[in-house]
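Hello,

Here is the structure for you to look over. My notes follow below it.

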Amino acid sequence: MGRTLAEKVWDDHVVTRAEGEPDLLFIDLHLLHEVTSPQAFDGLRKAGRTVRRTDLTIATEDHNTPTLDIDKPIADPVSRTQLETLRRNCAEFGVRLHPLGDVEQGVVHVVGPQLGLTQPGTTVVCGDSHTSTHGAFGALAFGIGTSQVEHVLATQTLPLSPFRTMAITVEGELPEGVTAKDLILAIIARIGTGGGQGYVIEYRGSAIENLSMEARMTVCNMSIEAGARAGMIAPDETTFAYLKDRPHAPAGDDWDAAVAYWRTLRTDDDAVFDREVVIDATELSPFVTWGTNPGQGAPLSSAVPDPASYEDASERLAAEKALEYMGLTAGQALRDIRVDTVFVGSCTNGRIEDLRAAASVLEGRDVADGVRMLVVPGSVRVALQAVEEGLDKVFTAAGAEWRHAGCSMCLGMNPDQLAPGERSASTSNRNFEGRQGKGGRTHLVSPQVAAATAVLGHLASPADLSGATAARTPLEV
Amino acid sequence: MEAFTTHTGRAVPLRRSNVDTDQIIPAHWLKKVTRDGFEDGLFEAWRKDPEFVLNRPERAGASVLVAGPDFGTGSSREHAVWALQNYGFKAVVSSRFADIFRGNSLKNGLLTVVLPQETVEALWELTENDPSVEVTVDLVAREVRAEGLTAGFDLDENARWRLLEGLDDIGLTLRHEADIASYEARRPAFKPSTALI
Ligand code: SF4
């Protein structure tokens, strides 16, 4: 019987296999950041162990880093301690680190791909659930806990029991104005936040094949929000073109050998998935969340659902609680929801294409009065590229704040937070209670919807911005 | 992980049931970035009371905690185990442990011994009457011994073997060192490296 993409990558990494025991898998790439690594290094130190493969390990600072005044000492002592600890640990154990201020610094899941470290057919782990992002390259990539971080540091392997496989096939063309973010939000709303539990999802079909690499990363990034262990997309010409000539991509003969191998990484025709879901791309439209988990979403053109309409009692209760927390009423049009904050950034939508998309909507327009808009590039490289293209000027001319790279308001570990009761349209991935600040209310949206929402002050898509709102002559850039 | 074969030490009688991990180590200690230095957080709230058993001079240096039933319930924080170990405890005796706490403790080399409640009571009386009494927790013989008292206990064979050998998950994996090295030797040259170019 044929094998799926996930099974092929798995099989190629088995170090030992024994009856009744988990497989020992080799890990090709281990990404570290300041939050989940300190106790792992401490464990190594206590046991007198070293990092087995510093050449397969890389660290960056992202969760706690400020996005303003990055040359000044970090005010919060806990954030400062975590960053200083990472710096000490990396120096002591010989791990490559890109600290705040470095040109390669940024959100860990933006940095790996842009350096060309994330490659098809590799195993990638990080003490962070959104490691699923890297699956966009046909890598088997998943988040791990701190004791597993220590395990990988010491052995470059992990004992793991096999996952089940799920295919999500998206056929047809995405309608104009519908993005990868709308697609993944719609998928999660369809299968639920637990729908992917225990599975590695493979996204396939013509709509997926037509996505750019960055859009594929947006899709795979949120696999974890459907409960999946990982998300994957088979590598193809788009993948190879993205990787070619990146700093850590193979070169010369190695490139040819790599591409030859990468081409074998496709699910065999006779392979069987444990579960299959089919989505019609042509039926999709801009999608936003109204609730407090990423599965509580609906088309922007619709209304806040009535909890009474849910047959499942626990879903009904969850919807009731969500509406109460979000301060919404059933039946209210989603377009009528006013926001005071717009956040563009994160490992879901903080890459250059996302910034371009937001800027193209904002160009020649103004952020509405009373709305604060933060644009936080996913990495310093993304920021530099945006500046080169003049996007930063488009943002600041519109009245948005152009910030330094990091996780920022995605989780509010740094000072970028919502105040209690504040409401955001956010391109990040989690709308949990308090995720962006205690009492803050989050609506997950695409970069395009974020920008249109900033202009109108209520949830909106670019289609809602008729020419009339283009108040100023477009800026020359 | 340090191997555990047999340990002899004085005991601390903790006459409380349902000691949850928040009581063992309060949440505000979780911001720390190390696995040590948690000893001052151990039972922090109770230790404000000078009469609390751990604060009494005759209990200084004791290394076997004898607790009431349902020890270690609540949050899964591994810090609870680290706090007990940092303080100097080598073994905890109770008639019932929370599953996650027990898993965490065995992973870290803290021996959790399940004994019938009558035996726990007997140990409490013994050490309360004479704090200098020594208790031996013998993993080889699977026995707890103290003056005039011998009680056998169960522990699953795999966990026992790992404790006796001092093998944590990493130690176990490192037994496959030769397999890892041979896998590394056959990895294709085109695989990515983070080494600076
Ligand atoms: S951007 Fe958000 S989701 Fe991504 S790694 Fe940072 S905190 Fe996590």
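**Sheet and helices in chain A**

In this predicted model, helix α11 (residues 313–326) of chain A lies across β18 and β19 of chain A and runs at about 115 degrees to β19(A). Helix α16 (residues 447–456) of chain A packs on the sheet and touches β15 (341–344), β16 (372–375) and β18 of chain A, its direction making about 155 degrees with that of β15(A). Axes are lines fitted to C-alpha atoms, for helices over the stretch in contact (heavy atoms within 4.5 Å), and angles run from 0 to 180 degrees between N-to-C directions. Helices (H or I, at least four residues) and strands (E, at least two) are DSSP runs, numbered from the N terminus.

The open sheet has five strands in the order β17-β16-β15-β18-β19 (chain A), with parallel pairing; two strands pair if DSSP finds at least two bridges between them.

**Contact between chains A and B**

Chain A brings 46 residues to the contact and chain B 33 residues. The rule finds seven salt bridges across the interface (a side-chain nitrogen of Lys or Arg within 4 Å of a carboxyl oxygen of Asp or Glu). One of them joins the side chains of Arg49(A) and Asp168(B) (3.0 Å, N to O).

**Conventions**

Residues are numbered from 1 along each chain as its sequence is written, and chains are lettered from A and ligands numbered from 1 in the order in which they are written. Local features need pLDDT of at least 70, side-chain atom pairs count only at pLDDT 80 or more, totals for chains, interfaces and linings use all residues, and side-chain values use heavy atoms, with hydrogens and water left out.

Regards
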